Amino acid sequence: MFVELFDAIFGCRHSRYSFPVTVRGAARRTKAASLTGTYVACLDCGREFPYDWQEMKVVTSPERHRARVVSLAAKRAA
Ligand SMILES: [Zn+2]
């Protein structure tokens, strides 16, 4: 109850994530997974975020990670 109220006022801080899930091929349908092929879900609000296995980091802001995302995409295309 308090957490939901907090999220409603301040927005979710996304502090707890599920274990990273890697999807392949046709299963790669969510926007989050399409970026790196792996995503995590916020356990509080359910939002999905791309996850970078190499950096062991959640990509919360694609703009800030644009260079990294471009290199990942290039690697996958090769
Ligand atoms: Zn969240």
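User: Where is Ser 18 placed in this predicted model?

Analyst: In this predicted model, Ser 18 lies in the loop between α1 and β1 (21-22).

User: Why is Ser 18 called partly exposed?

Analyst: Ser 18 has 13 other C-beta atoms within 10 Å. A residue is exposed at 12 or fewer and buried at 20 or more; the count of 13 lies in between, and Ser 18 is therefore partly exposed.

User: What makes Val 40, Ala 41 and Leu 43 contacts of Ser 18?

Analyst: Contact requires C-beta atoms within 7 Å, and Ser 18 touches Val 40, Ala 41 and Leu 43, with residues up to four places away in sequence not counted. Ser 18 and Gly 46, 28 residues apart in sequence, are 9.4 Å apart in space, C-alpha to C-alpha.

User: What makes the set that includes Val 40 and Phe 49 a nonpolar core?

Analyst: Such a core consists of buried residues of listed types, Ala, Val, Leu, Phe and Tyr among them, joined through C-beta atoms within 7 Å. The largest one has 10 residues, including Val 40, Ala 41, Phe 49 and Val 58. Two or more residues each come from α2 (31-36), β2 (38-41) and β3 (48-52). Within the contact cut-off, Phe 49 touches Ala 32, Tyr 39, Val 40, Val 58, Val 59 and Thr 60, again without residues up to four places away in sequence.

User: How do you know where confidence is lowest and where it is highest in the protein chain?

Analyst: On the pLDDT scale from 0 to 100, helix α1 (residues 2-10) has the lowest mean, 66, and β2 the highest, 92. The mean for the protein chain is 78, and 68% of its residues reach 70 or more. Where pLDDT is low, the predicted coordinates should not be read in detail.

Methods:
Residues are numbered from 1 along each chain as its sequence is written. This is a predicted model: local features need pLDDT of at least 70, side-chain atom pairs count only at pLDDT 80 or more; totals for chains, interfaces and linings use all residues. Helices (H or I, at least four residues) and strands (E, at least two) are DSSP runs, numbered from the N terminus. Two residues are in contact if their C-beta atoms, placed from the backbone, lie within 7 Å. pLDDT is the predictor's confidence in each residue, from 0 to 100.
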